[in-house]
Amino acid sequence: MSRLADLRHRYTTAFQRRLNPVLRRLPTQTVLETTGRVSGLPRQTPVGGRRIGGSFWLVSEFGLRSQYVRNIQADPRVRVRLRGRWYTGTARLLPDDDPVARLRRLPRVNSVGVRVLGTDLLTVRVDLD
């Protein structure tokens with residue numbers, strides 16, 4: 001990873017550490033809950049994405065460097081809070097999917113942020129139970 005991409009990752013994650021605790025408390029915010037790969041505790045991350053049929057789609061701005069993506073690799077069983085209601089499902093990482101094309105089909109506000117801040121985009125699909 002280039003020095004610029006590394007700096008962007010550091011600053012963005014530092015900002016998100018301060019903002020995410022506030023966002024995940026908002027009842028309308030979509031939240032992805034994974035199981036911590038080391039602690040085994042629930043970890044909640046505000047995300048942007050869209051439910052399409054029986055799946056929830058999102059794009060991780062830092063790909064395999066995102067902590068929630070690493071948690072998914074260790075345990076793909078997740079929960080997603082959509083419009084105040086929790087759904088369980090199984091997350092799948094889709095490295096062969098075109099994340100830029102996928103972002104065009106997801107909510108615009110989040111997609112712009114992911115495109116601007118992201119350094120290694122990765123599509124994630126959660127198959128809801």
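This report describes the strand arrangement and selected side-chain placements of a predicted model.

Residues are numbered from 1 along each chain as its sequence is written, and side-chain values use heavy atoms, with hydrogens and water left out. Because the model is predicted, local features need pLDDT of at least 70 and side-chain atom pairs count only at pLDDT 80 or more, whereas totals for chains, interfaces and linings use all residues.

**The sheet**

Seven strands form an open sheet in the order S2-S1-S5-S6-S7-S4-S3, with antiparallel pairing. Strand S2 (42–46) and strand S3 (49–52) stand at the edges; each has a single partner strand, so one side of each lacks a neighbour in the sheet. On average, neighbouring strands are turned by 30° against each other, direction ignored. Strands (E, at least two residues) and helices (H or I, at least four residues) are DSSP runs, numbered from the N terminus. Two strands pair if DSSP finds at least two bridges between them. In general, strands of a sheet pair through backbone hydrogen bonds, either parallel or antiparallel.

| Strand pair | Bridges | Sense | Partner residues |
|---|---|---|---|
| S1 (residues 31–35) and S2 | five | antiparallel | Thr 35 and Pro 42 |
| S6 (residues 85–94) and S7 | six | antiparallel | Arg 92 and Arg 125 |

**Strand S7 and Ser 55**

Strand S7 (residues 122–128) is mostly covered, with five of its seven residues buried. Buried means under 20% relative accessible area, exposed over 50%, and partly exposed in between, with a 1.4 Å probe and protein chains only. Ser 55 belongs to strand S4 and counts as buried because its relative accessibility is 12%. Apart from neighbours within four places in sequence, Ser 55 is in contact with Arg 50, Arg 125, Val 126, Asp 127 and Leu 128. Contact means heavy atoms within 4.5 Å.

**Helix H2**

Helix H2 (residues 67–74) lies across S1, S2, S4, strand S5 (77–82), S6 and S7, and runs at about 50° to S1. Axes are lines fitted to C-alpha atoms, for helices over the stretch in contact, and angles run from 0 to 180 degrees between N-to-C directions.

**Charges over rings**

The charged end of Arg 102 sits over the ring of Trp 57, 3.7 Å from its centre. Arg 79 lies over the face of Trp 86, at 4.0 Å from the ring centre. A charge sits over a ring if NZ of Lys or CZ of Arg is within 6 Å of the ring centre and within 35 degrees of the ring normal.
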